[in-house]
Every structure is written in C-alpha cells, then in structure tokens.
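These entries record what I looked up in one structure, in the order in which I consulted it.

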Amino acid sequence: MTSSSVASPSFGDLALLPAVLSAVETLGYQTPSPIQAETIPALLEGRDMLGQAQTGTGKTAAFALPLLSRLDLSRREPQVLVLAPTRELAQQVAVSFSKYGQNLQGLEVAILCGGMEYRDQLQALKRGAQVVVGTPGRVIDHLDRGSLKLEGLNALVLDEADEMLRMGFIDDVKRVVADTPQDAQRVFFSATLPAEIERIVNRYLVDPVKVAIESRTTTGENIEQRLVRVDGGAKLEALARILEVEPVDGAIVFVRTRAACTTLMEQLSARGLNVASLSGDLDQSLRERTIQRLKRGKIDVLIATDVAARGLDVPRLTHVINYDLPQDAEAYTHRIGRTGRAGRTGIAITFAGFREGRKVGWMEQATGQKMTEMALPDEAAIRAHRDEVFHHKVVAALTAGAEEQSALVERLVAEGYDPIELACAFARLARADEAPIGRLQAPRKERAPRDGKPPNRERGPSEGMIRYRVSVGHKDGVKPGQLVGALANEGGIEGNRIGRIDIRNAFSVVELPSSLPSSILAKMARARVAGRPLEISEDRGAPERAPRRRRDDGEAPIRRRERA
Ligand code: ADP
Ligand code: MG
C-alpha cells in the first residue's frame with residue numbers, strides 16, 4: 001500500500017473534466033484531500049481500486065469526481081453503480097453525485113433503495129440514468145424485474161466496503177457482481193479494513209491500486225478524545241451532566257442495542273432533553289425525517305446504534321458520546337468519525353467502566369491517540385453553569401426591558417422589602433423549574449432482565465427505597481424502559497432514581513426513593529402505560545421472603561402476611 005507523503009496537488013492538476021472541476025470550485029473545495037489526491041488519477045485511468053481513509057476525509061468525491069469525468073452522457077444507460085449499506089448513505093452518495101455533476105448536461109442519477117416508491121425509481125431508470133446508487137436489496141429487485149440492466153456498466157463501487165463484504169451483505173453483493181460485465185472497473189472504498197475483509201476484497205479486484213491513508217496521523221486529529229470512568233447505574237446521570245455542561249450543538253449518543261436506544265431516549269426526554277433515536281427498527285421514512293430534524297437543529301441529541309448511524313454526515317454534530325462501549329476498534333473509529341466532519345473540530349467522550357482498561361487500550365491503538373480522562377462535572381460545576389446561563393437570561397431581559405413589571409416591583413419596594421432580597425426571591429421563582437441535580441453514585445439497580453426472568457425476589461427493597469405496585473405487567477406487554485420513562489416523565493424525576501423493576505404477569509413492582517414527596521407519587525399515579533393508568537400503591541403485601549413453591553402467576557396473595 002502507498003501512503004500519503006507528497007504535497008497535495010490542486011484539483012486543477014487532476015485531469016478531471018472541466019465541468020466537474022467547476023462544480024468542485026462552486027462547492028468551495030480548495031484542495032483535494034489526501035485520499036482524493038491519491039486515488040483520482042488511477043480511477044481516471046480505469047484501474048480497480050481499494051481506497052481506505054478515515055471517515056470524513058472525502059471518499060465520496062474521491063470516486064465520484066473521476067467516475068463522473070469518464071461518463072458518456074449521450075449513452076442513456078447505467079454506467080456507474082454504487083452500492084451502499086444503508087438508505088441514508090446511498091442517498092448521501094447520490095446527492096453528492098448530483099452536486100459534483102451539476103454542470104453535466106443530461107446527467108441522471110437514480111437512487112434505488114428499499115422503502116421508497118418503485119415508480120420514481122423506474123422513471124429515473126427509464127429516463128436513462130447513467131449513475132445508479134442503491135442498497136443491495138432493492139438493486140437486486142430491479143435486476144430481477146429487468147428494470148435495471150448492467151450490460152453497459154463501466155464501474156461498480158462498493159462504498160463502506162468493509163460493511164458490504166460482511167456476512168449480512170456478501171451474498172447480495174456477489175449476486176450484483178455476477179450481473180456486471182467482467183471488465184467493469186471495481187472500486188472499493190472503506191474507512192477500515194479488517195484482515196478478513198481484505199482477503200475477500202482481493203478476490204474481486206484485478207491488479208488493484210491500493211491506497212491507504214494512514215489513520216494514525218489523520219484519525220481524529222481534529223477530534224478531542226476523552227474518557228469518563230463510569231459504571232452501569234451512574235451512566236445516565238453522567239450523560240445528563242455532560243449534555244448540560246458541554247458546549248453541545250448536536251450530539252450523537254451510541255448505545256449497543258435497539259432496546260437500549262428506546263430506554264435511553266425515554267429517560268432523556270423525561271429529563272426534558274430534545275432527543276430522538278435512530279435504530280434499525282425505525283421505519284425508513286421516519287429514519288429520514290429524524291436525520292433531517294437533526295440537521296435542521298430541531299433535535300439536538302440523537303441516540304443511535306452503530307449500524308443505524310454508519311456514515312451519517314451531519315456537520316453540526318459537535319459531540320459523539322459512547323454511552324456503551326463499541327464492540328471493536330473499527331466501530332470506535334466509525335462512531336467518533338460522526339463528529340469533526342469536513343475540517344471542523346469535534347469531541348468524543350467514551351464511557352468506560354473501571355475494569356475496561358483493555359478495551360480503552362485498543363481504542364487508543366486504533367486512533368493512535370491517547371484519551372484524556374475527564375472528570376464529570378460535580379454539583380458545584382452544574383450550579384455554576386446554571387448560574388451562568390441564568391445570568392445571560394437576566395442580562396438579555398434587562399436589555400429587552402420589562403417595564404410592564406415596574407408597578408408590581410415598586411409596590412413591593414414601597415411595602416418595605418429590600419430590593420436585593422426581592423431580586424433573590426424573583427430569581428428563585430424564575431429558576432423553580434430547573435431540574436434537580438441527581439446523584440452520581442446511583443444505588444445498584446437490578447431491573448428485570450430482557451429474557452423476562454424476574455430478579456431475585458427473596459430480597460427486601462434496596463436501601464432508601466420503597467416498593468410500589470403498579471397495575472400493568474407482562475399481560476399488558478410492558479417493558480422496564482416504558483415504566484421508567486412514564487414514571488420519570490410524569491413525576492418529573494430522573495430515571496436513575498427509579499430502582500429495581502420487577503415485571504410480573506398482572507402487575508409490576510417498582511422501587512422508588514423513600515424520600516419522594518407524595519405529590520410526586522400522585523403525579524406518577526396518573527401516568528398511563530400500555531393504555532392503562534398505573535394506579536400506584538405501596539407494595540405492602542409482597543412478602544419479603546417469598547414462599548418457595550408459590551405459583552408465579554403474578555396473582556400471589558397480596559395482603560397475606562407470611563408467618564415468621
Ligand atoms: P467519507 O466518505 O470519507 O466519510 P464524505 O465523502 O462523506 O467523507 O465527505 C465528508 C465531508 O467533506 C462532506 O461534507 C464533503 O462535502 C466534504 N469534502 C469532501 N471533499 C472535500 C474537499 N476536498 N474539501 C473540502 N471539503 C470536502
Ligand atoms: Mg463515505
């Protein structure tokens with residue numbers, strides 16, 4: 001593999017078609033990125049290519065610019081086919097082709113993705129699209145229907161090639177490759193290239209040019225990587241504090257599973273944060289709307305799984321937070337690459353437990369950068385931050401003027417109240433809705449595990465907690481996350497103050513802090529889950545030591561006291 005060493009040429013040196021060059025200028029790109037400088041000349045010659053460079057380094061333009069330069073626009077059939085692993089990525093690539101090809105008369109770009117109307121796709125193909133971008137499934141559909149013909153194809157591109165050659169996709173990719181002419185140029189681009197994937201790649205490429213831009217020097221150079229030592233129960237409060245104090249414009253929070261996506265979203269929205277989630281089980285159009293809302297600033301925090309967020313290009317993301325550790329070093333680089341796009345700077349904050357030093361080690365290896373350990377903002381820091389925010393608000397209100405309040409204030413002064421004391425009272429009233437600051441060392445929680453096995457019921461409630469019974473259970477299809485979300489939301493408390501949850505058949509038992517005022521309990525009792533009111537009541541009847549052979553039908557005697 002070669003690696004970047006020569007000084008960057010300019011776009012003008014690259015023998016691109018003048019109409020393509022002018023589009024690049026319009027877009028304001030000054031110089032080609034290293035991956036562009038090193039791959040464009042060989043791609044213009046029609047060579048097979050394996051290009052590897054960190055995310056956000058402009059790989060799309062690296063293949064789109066030369067391939068657009070080689071199109072025969074008078075030939076109205078597919079000449080370039082790009083496969084991408086997700087619909088969003090395919091759309092991003094298609095949009096890039098249209099932008100870079102904006103001065104090419106007669107250029108047509110078709111997007112073939114699942115979840116979208118066949119009609120538009122068929123029309124674009126009928127109009128003679130020269131560039132086709134899609135996800136494998138839908139591309140195969142069109143091949144099967146005969147609406148997509150690849151006999152005239154000059155180039156096949158696999159974007160995010162590492163993903164495309166993994167188990168889930170490889171068969172589809174093989175099928176598409178089988179339908180493309182033997183001599184078509186094959187171009188694979190990827191941010192990472194695990195060894196087992198590289199072996200597969202070599203089967204598909206003929207005498208390829210291999211370009212790898214060393215990630216050690218480029219990965220995350222503009223991304224500040226931090227580490228927070230935090231374990232299980234304290235993670236939610238840690239996240240909330242970070243989101244409150246950090247200068248976040250947009251943030252993406254990574255969790256491992258879809259279920260965790262939903263739970264965390266509920267917990268954060270219960271705290272009044274503007275969040276949405278992006279996971280594989282979202283319906284396509286909803287996914288897209290979510291990304292648009294993130295781009296436009298309608299939401300600030302996106303909770304996502306690795307697959308769902310791959311390749312996401314949203315420039316305003318200032319923070320990536322690894323709430324759950326990534327599975328491997330590849331996933332880590334993909335995740336942090338969602339920030340620091342196009343020359344901006346970004347911050348990646350990774351939560352790691354106290355025993356997860358080894359994993360931290362391989363993440364540092366992957367980027368060639370040490371993570372700096374970051375202390376969580378303590379209560380004083382949060383208070384100071386809130387004072388700062390409130391200070392700004394007051395100054396803004398002073399500037400805007402508040403004359404309509406003067407009669408009231410003058411009356412209070414005339415009644416003999418001290419102006420400073422008055423102002424303090426006003427400030428307290430104005431800040432009454434600031435969320436309470438949660439505790440970082442949350443009590444250990446044992447929620448019902450996902451397999452439905454109840455936790456050990458033979459123990460009493462956790463310290464400082466009281467057990468309550470709520471009137472929904474397995475028979476209502478309720479999940480622990482839903483209960484946490486509803487209780488926290490309705491009661492206006494943080495999800496991490498809610499303790500163990502034990503879902504039984506007809507009801508569930510929830511631990512809540514014994515210090516909760518009854519007004520909050522009353523509010524919680526009004527919450528509805530699975531269409532039913534929760535009807536909270538103290539779980540007096542649940543025996544502390546359950547009899548061994550009680551039938552667990554959820555209808556165990558409630559009021560009967562066990563004999564000692
Ligand atoms: P990758 O596929 O490597 O993750 P993208 O192709 O999505 O990266 O590009 C990342 C961002 O960089 C995009 O917003 C793109 O418009 C921008 N970009 C690409 N090439 C250049 C360049 N030469 N100069 C400035 N910005 C660029
Ligand atoms: Mg890309």
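**Ligand shell**

I classed the shell around ligand 1 and found four nonpolar, nine polar and three charged residues; Ala, Val, Leu, Ile, Met, Phe, Trp, Tyr, Cys and Pro count as nonpolar, Asp, Glu, Lys and Arg as charged, and the others, Gly among them, as polar. I note that the model is predicted: local features need pLDDT of at least 70, side-chain atom pairs count only at pLDDT 80 or more, and totals for chains, interfaces and linings use all residues. Residues are numbered from 1 along each chain as written, chains are lettered from A and ligands numbered from 1 in written order, and side-chain values use heavy atoms, without hydrogens or water.

I found 16 residues around ligand 1, each with a heavy atom within 4 Å of it. The closest are Tyr29, Gln36, Gly56, Lys59 and Thr60. Domain 1 (11-212) and domain 2 (223-379) both contribute to this shell, so ligand 1 lies between them; the bounds come from an automatic or database domain assignment.

**Polar contacts of the ligand**

I looked up polar contacts (pairs of N or O atoms within 3.5 Å). A polar side-chain atom of Tyr29 is 2.5 Å from an oxygen atom of ligand 1, and a side-chain N or O atom of Thr60 is also 2.5 Å from an oxygen atom of the ligand. For Thr57, a polar backbone atom lies 3.2 Å from a ligand oxygen. The protein covers 80% of the 570 Å² of accessible area that ligand 1 has on its own (Shrake-Rupley method, 1.4 Å probe).

**Salt bridges**

I searched the whole structure and recorded 34 salt bridges, each a side-chain nitrogen of Lys or Arg within 4 Å of a carboxyl oxygen of Asp or Glu. One of them joins Asp144 and Arg175 at 2.9 Å, N to O. Asp144 is in helix α6 (residues 136-145) and Arg175 in helix α8 (residues 167-178), 31 residues apart; helices are DSSP runs (H or I) of at least four residues, numbered from the N terminus.

Definitions and conventions: Polar contact = N/O pair within 3.5 Å; in protein donor to acceptor, adjacent residues only side chain to side chain. Helix = DSSP H or I, 4+ residues; strand = E, 2+ residues; numbered from the N terminus.
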